[in-house]
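I opened my notebook today to look through a structure piece by piece. Here is what I looked up, in the order I went.

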Amino acid sequence: MIKKVLKNILIYFISIICLLPMIIMIINSFTDYNGGFSLIQYGKVLFQTEDFFRGFWNSAIYIFIIIGINIPLSLLGAYGFSRFEFKGKGFLYWLYIVLMLMPFQATMVPQYLTLKALNIIDSPSAVILPNIFSTFGTFLMVQYMRRMDKEIYDAGRIDGLSEFKLFLKIVMPLCRSIISALTVLLFVNYWSMVEQPLVFISDKYYMPLSVTLNATGEFREISFAAGTVFSILPLLLYQFSYEDLTQGISLSSGLEGYEKIYINEVKERRTQKQKLGRGIIIFMAAMLSFTLITQKISYIMAPEVEVTKTKRGEITKDPFDKKSESLGIYDTIVPNSAIHTEGENVIYVIIEEKSIRKRDQLVRINVKIEATNGYETAITGVLPYNSEVVKWTTKPLREGMNVRVVEGRGEENEE
Amino acid sequence: MKNRKEKNKIKITLIIILSVLTLLLFLIQRNIKKESQNFPSKIEIIFEEKNEIYQKLMGGRKIIEEKYILSETEEKDISFEGKNISIIGIDENYSQINNIEIASGKWITGENQILISEKFVKETNDSFSLGETMDIFGKKYKIVGIYENDKYSKSKIENLYVKKEDIPENLGEGEKTFYSLEVKPKDENRKNFVKEKFFEDVKIISTEEQEEIKIADFTESKRNLSKYYYGFIFIFEIIVLILLTVYLIKSIKLNIKKYQFGTKRKYGKELLSGNMTIVLLQILKTLLLIFLWIFLLRLILEFKLSTPSRFLPPTDIFDFKFYSRIENILREEYGKTVAGYGKIYTNLMRVTKKYFIESVILLIALLSVSISYMCGKFKTAERKL
């Protein structure tokens, strides 16, 4: 008895250790900067972080395309391997297994060179294309299909089915459980892919969330909540296809997976599955609406600014009288309103985001005031060439903030 | 069977309620937008005395008038025949900045003429009318025009307009005098940073002096109020999109079921050739709906609501402390002055309330008609069954 209790305690202890990162993540997601309970992180993630949703939908689209093409291809490949005899079948199958076992790091450079030759590097296809043809699916399906009764094919043949219809009407329905197992396995694999996008894509715009979540400073304050939201979908999907997953994998590995299931149980499982399916749809719909809200909110929240180019020339003591005493000739003259005093004198300069979106972002530059007449100020500092300095703003500014330039560029962005 | 019928009943009623509601809300918003056009887009600098800064600004009148329309006014708040009135001495530019609609008569053109409001006429039991002479503390004015009141203003002080030179001097005890300069850019396209640019363009008073004076900024009000209307249209679009999505999914599902059911009895080709026109029409309808769906989605995605970001928190939109702080500031700074954002928003609320009551009455009427119609329909359908 004591042995049993001790064993249980040990099991629970180990499982808690395994779950610890997840528990820490969830607990921390409900705290604010001071450590108290707050929903501030979720408020920021779900309503104000545009890049979170950009990443989320990138991940979702990548996965949708990869799984949507990979599984039919794997099915066809596996059908070929299991049904037909042809020359070189053994070698081909061996090749499939070798390719599956090959670590990504080993083939990274050749893959990069291939993608570069195909001219699709730095585009979403660079991530999608290599993964569409991954061989793991085929391998798993072949194992499963080999165990199928050959007499079914003959029966289908006798009923007048063509080869393709045989595949479509008999093999496919029988493979349902392995298909959902493979879907979950591929989903988990690609939902958390980091290396491939990092190597093949350089634009943040195309990065999946798994990369941007920890790579950018933007999520630093909200990383726990972002992580929690990020892990909801895999959990839901796993729950959704739990039965198929265990059944599919155990069948393909040669173990007896069938259990005696009563009709009531089947019905119960089916309703549970329906509920979970509905849950996934609701989650995705909620994410869609959050995306829309976030898009609008981040537009509203972006400060409106007016920019101006720096000037070169002379500053006079009286700005209205050009004949008054000169304060000297300077290289960089900005309007007085452009200088912010935040402990030290700083100016904010607009730079273009290094991405396909080309948003206007702010850079904070420390400057030294050389001379001023109350309206114009001569400064020295490390300013980019031909830089646009923020002259007026509707809000306090911060480094890295996205802003809306409404005036000062010659063209009006506002409607 | 009965259950489904009841469900359908609820659905139809819900759709009708939703559409009627949106239609009525749409009407409210249209009216608000119309009202918002009357709000002047100006900045107002208010002085309690003609101090140094006032003199400085007036000295640079020529510089100001290069880019702006400037109107100088003098306001005296007094009690007249038991009513609080404010006599506003205006110059020739005043009507260019403010929208005052004359109900009868004309605008002030000569000396000792006065413009009174419709409400003032009513409240003094028609003792003043067009063409009559009005005696204010010994000074006589001829009433030349009656202007339309701001419909939704609950302000108890009535404005009477006279020429600036004609403003009566000693009005006895309780007299309060304000001097204000109203400025509007000549360039109608200028929307942003009018207040900030004014001082840059004018370059008469220094930065320290700017902080001393009281400025009410109305330049964004028109834009903000019209956004209220666009915001509503956006919500309307979303509702339509959701309904359309549900309908599309359901109709596609139904068609697939129909096809599956049909193929149990006939071959696919046979099924198609028999109902070619119906199938084509169905496809056409679905395609049109999909195009409409895409169009709506594009509209929704491209919609940009730009509210005044100075009234939004710096980083977190759920920063409720900021909102309460800004509300207090608005109340303190603008609430007591001649007008301000506070007044505009209260006006907006009043317009909304007024049209809301109208809409509710209409809504009830429409609903009762539609429900009685529907009940009739259901009864006939039941009888047929």
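This is a predicted model: local features need pLDDT of at least 70, side-chain atom pairs count only at pLDDT 80 or more; totals for chains, interfaces and linings use all residues.

Entry 1: Then I asked: is Glu81(B) buried or exposed? I found 10 C-beta neighbours inside 10 Å, so Glu81(B) counts as exposed. I looked up where Glu81(B) sits, and it is in the loop that links strand 2 (68-80) with strand 3 (83-90) of chain B.

**Entry 2: chain B as a whole.** I counted 12 helices and 10 strands in chain B. The chain has 385 residues, and 17% of them count as buried. Next I looked at contacts in chain B with a separation of 6 or more, and 82% of these join residues 24 or more positions apart.

**Entry 3: the domains of chain A.** Chain A is split into domain 1 (40-301) and domain 2 (304-407). Their centres, taken over C-alpha atoms, are 50 Å apart.

**Entry 4: helix 2 of chain A.** Which residues of helix 2 (residues 40-48) of chain A are buried? I listed Gln41(A), Lys44(A), Val45(A) and Leu46(A). Among the elements that cover these buried residues are helix 1 (2-29), helix 3 (50-83), helix 13 (223-230) and helix 16 (263-301) of chain A.

I then followed helix 16 of chain A. Helix 2 and helix 16 of chain A pack with their axes 7 Å apart, at an angle of about 95°. The two helices are therefore roughly perpendicular to each other. On the side of helix 2 of chain A, the contact uses Leu46(A), Phe47(A) and Gln48(A). Helix 16 of chain A brings Phe290(A), Ile293(A), Thr294(A), Ile297(A), Ser298(A) and Met301(A). I sorted the residues of this contact into 6 nonpolar, 3 polar and no charged.

**Entry 5: the nonpolar cores.** The largest nonpolar core has 35 residues, and those with the most contacts inside it are Ile66(A), Ala78(A), Met141(A), Cys175(A) and Ile178(A). Which element gives the largest share of this core? Helix 3 of chain A does, with 8 residues. I picked out Met141(A) and, leaving aside residues up to four places away in sequence, found that Met141(A) touches Ser74(A), Leu75(A), Ala78(A), Cys175(A) and Ile178(A). I also noted a second, separate core of 32 residues, which includes Ala302(A), Val305(A), Val307(A) and Ile347(A).

**Entry 6: where the chains meet.** How many residues does each chain give to the contact? I found 27 residues from chain A and 20 residues from chain B. On the side of chain A, helix 16 of chain A gives the largest share, 6 residues. That side divides into 14 nonpolar, 6 polar and 7 charged residues.

Definitions and conventions:
Residues are numbered from 1 along each chain as its sequence is written. Chains are lettered from A and ligands numbered from 1 in the order in which they are written. Helices (H or I, at least four residues) and strands (E, at least two) are DSSP runs, numbered from the N terminus. A residue is buried if 20 or more other C-beta atoms lie within 10 Å of its own, exposed if 12 or fewer, and partly exposed in between; C-beta atoms are placed from the backbone. Two residues are in contact if their C-beta atoms, placed from the backbone, lie within 7 Å. Ala, Val, Leu, Ile, Met, Phe, Trp, Tyr, Cys and Pro count as nonpolar, Asp, Glu, Lys and Arg as charged, and the others, Gly among them, as polar. Domain bounds come from an automatic or database domain assignment. Axes are lines fitted to C-alpha atoms, for helices over the stretch in contact, and angles run from 0 to 180 degrees between N-to-C directions. Angles under 35 degrees count as roughly parallel, over 145 as roughly antiparallel, 65 to 115 as roughly perpendicular and the rest as oblique. A nonpolar core is a set of buried Ala, Val, Leu, Ile, Met, Phe, Trp, Tyr and Cys residues joined through C-beta atoms within 7 Å.
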